[in-house]
Amino acid sequence: VHEETNDEYIKKTIEKSDIVRKIILCSIKNNVLFKECSSEELIDIVDAFESEKFPSEAVVTKQGDSGEHFYVVENGSLDIFVRVANNGGAEDVRVGSPYV
């Protein structure tokens, strides 16, 4: 029961293969956002992850977006860019690979 709203928590479970479950768990268990989670909480988080597909060259999220999602790449790759000030303007600078 959530104390603030008195609503009952309904666990969300999205079906996924054991391999995908391992990929997600390995991606989140050492991430600072999930560092204080118990093993049981991590499993609940893994259960709630939904699959989403993006076409090649798609922008998955961009600097300044609200940040309501956490992405784990199952297949493919991402480039990460940060917009930085440059001589009165701005440019996107590639900063490396996603967390592994």
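Student: Which residues make the nonpolar surface patch of about 250 Å²?

Tutor: Val82, Val84, Val93 and Val95 make that patch. A patch takes residues with over 30% relative accessible area and no salt bridge, joining nonpolar side chains (Val, Leu, Ile, Met, Phe, Trp, Tyr) within 5 Å and like charges within 9 Å. A salt bridge is a side-chain nitrogen of Lys or Arg within 4 Å of a carboxyl oxygen of Asp or Glu. Areas come from the Shrake-Rupley method with a 1.4 Å probe, and for residues only the protein chains shown count as cover.

A word on the basis: this is a predicted model, where local features need pLDDT of at least 70 and side-chain atom pairs count only at pLDDT 80 or more, while totals for chains, interfaces and linings use all residues. Residues are numbered from 1 along each chain as its sequence is written, and side-chain values use heavy atoms, leaving out hydrogens and water.

Student: Which strands supply the patch?

Tutor: Strand E1 (80-86) and strand E2 (89-96) each supply at least two residues. Helices (H or I, at least four residues) and strands (E, at least two) are DSSP runs, numbered from the N terminus.

Student: Why is Val93 called partly exposed?

Tutor: Buried means under 20% relative accessible area, exposed over 50%, and partly exposed in between (1.4 Å probe, protein chains only). Val93, in strand E2, has 33% relative accessibility, so it counts as partly exposed.

Student: And why is Asp47 called buried?

Tutor: Asp47 sits in helix H2, and its relative accessible area is 6%, so it is buried. Beyond its neighbours within four places in sequence, Asp47 is in contact (heavy atoms within 4.5 Å) with residues including Lys11, Lys16 and Arg21.

Student: What makes up the largest nonpolar core?

Tutor: A nonpolar core is a set of buried Ala, Val, Leu, Ile, Met, Phe, Trp, Tyr and Cys residues joined through side-chain atoms within 4.5 Å. Here the largest has 7 residues: Val20, Ile24, Ile28, Phe34, Leu42, Val46 and Phe49. Helices H1 (18-28) and H2 (39-48) each give two or more, with the largest share, 3 residues, from H1.

Student: How do you know that the buried residues of H1 line one face?

Tutor: Val20, Ile24 and Ile28 are buried in H1. Seen down the axis, the buried residues fall within an arc of 60° (taken from the directions from the helix axis to the C-beta atoms), so they line one face. They pack against H2, while the face turned away carries the exposed Asp18, Ile19 and Lys22.
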